Amino acid sequence: MSNYLSPQQEPGCPTPNCENAAMGVYTNPHGYVCKKKKKTSRRLECNACRKGFSVKDKASAGQRKPHENKTIFKKIASKKPIREIAAMTKLSIKAVYDKIDFIYAQCLGFVGERTARAHRIRRKYIRLCVDRQDYMTNWRSRKARKIIQFTSICTVEGKTGYVLGHHLNYDPNINQVDVDDIAKASGDFDQRSRSYFHAQSHYWKSDEFYDVARKQATDIRPGLEDERWLVEQLIKETRKVESGWPKAEMADYPGRKNQLPPNGVMSHLDYTSYAHAILMRRLIGSPEYLSIYTDQDEVIRGAYISAFRAGIAMDRVDMAYVQFQKIMEIDEKPHLSNTCEGYLNALELACGCDREVAISVRWFGIKAPMADEIMKVVLVALSVIQRGRTATRIISKMIEHIEAFEENIGDMGSV
Ligand SMILES: [Zn+2]
């Protein structure tokens, strides 16, 4: 999942045991001599072993119509059909698919380089919004015409709308037959074995998948998406749906007419979600406060509480379930928004901070003091009263932590 964050490999001398083999041609240009230069590539010779080889200087090197890349990217982004794109650009269907693969690799490279630096940005407060979504697809396959139902989990930084990660419960690089074989060989289908200790417990096995599917009452996994219920009712209904899952956290269970993808493997959503939450923790660095807003969802809750357990224990991370009041009429929404505007302005003034932080403080109560507040008490010559007020808050918070620690020390055992 986090592969795209690793720096991309630079080309170097292809001779396996050459001393230049690990030396990239861009970072160590003195290790190589340029023999021939073309528009998008160069022919280089290694200074150590004299082996000749070519490197691409442009990602589109070797493509016959690189100028169409941009057009195709735009058309895909506006959901144009593949046939239409092929007709417009006079490319074959295969060439269009090849270009899509190329664009995908370029996008991953771009976002990887950008996002890999995200954790270095120091922020006082971050608000994360998390959601889950189902995708139905009719995979082109001669054999079965059943529906494949994927689920993805997505986290967005609330203030900027920056998508930190959007992950599907799917791995295209793994073979289902291999997964099934390894499972069989290691005795995973023994009735007494426990699923979380299986050889590749994060992937759906064929037998496991169709065994669950067979026992369901509906053709596809039902969703709650379009119900126009009131909040309390929706909480109740969601609870009912979750208790109907074949297993705790098995939100991605198949219906009777669902099938596994013909290529690649489907991963269990709980594993995808937990990995996603851990990756999000890595990407956001260490803000002083963090609020996580999400739908009422057992899987997301479990994943985020596990990933951010340290921050939650230190009172720096809060989580809240939120939902849209879908039943509201169209003109009721701007009215409510306008009414809130005055309230939010007042809140900003009262807290002396940005409304994002103000909402967090108002909703989740008084926070642990921020690092710079502590420094202020120590360094800045505040008035005696001011200093006393902040110091009292800090001291009471410290006492609280010590008391909580003493209370819980009995539970900690050998940890
Ligand atoms: Zn060499």
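Student: How do β1 and β2 pair, and over how many bridges?
Tutor: β1 and β2 (residues 41-46) pair in the antiparallel sense over 5 bridges. Strands here are DSSP runs of E, at least two residues, numbered from the N terminus, and two strands pair if DSSP finds at least two bridges between them. This is a predicted model, where local features need pLDDT of at least 70, side-chain atom pairs count only at pLDDT 80 or more, and totals for chains, interfaces and linings use all residues. Residues are numbered from 1 along each chain as its sequence is written.

Student: Which residue is the bridge partner of K36?
Tutor: R43, in β2.

Student: What is the strand order in that sheet?
Tutor: The sheet is open, with 3 strands in the order β1-β2-β3 and antiparallel pairing. β1 (32-37) and β3 (52-56) stand at the edges with a single partner strand each, so one side of each has no neighbour in the sheet.

Student: Switching to helices. At what angle do α10 and α11 pack?
Tutor: About 85 degrees, with the axes of α10 (residues 332-351) and α11 (residues 355-364) 9 Å apart. Helices are DSSP runs of H or I, at least four residues. Axes are lines fitted to C-alpha atoms, for helices over the stretch in contact, and angles run from 0 to 180 degrees between N-to-C directions. α10 and α11 are therefore roughly perpendicular (65 to 115 degrees).

Student: Which residues make the contact?
Tutor: From α10, L344, L347, E348 and C351; from α11, R355, V357, A358, V361 and R362. Contact means C-beta atoms, placed from the backbone, within 7 Å.

Student: And how many helices and strands are in the protein?
Tutor: 13 helices and 10 strands.

How values were computed
Angles under 35 degrees count as roughly parallel, over 145 as roughly antiparallel, 65 to 115 as roughly perpendicular and the rest as oblique. Two residues are in contact if their C-beta atoms, placed from the backbone, lie within 7 Å.
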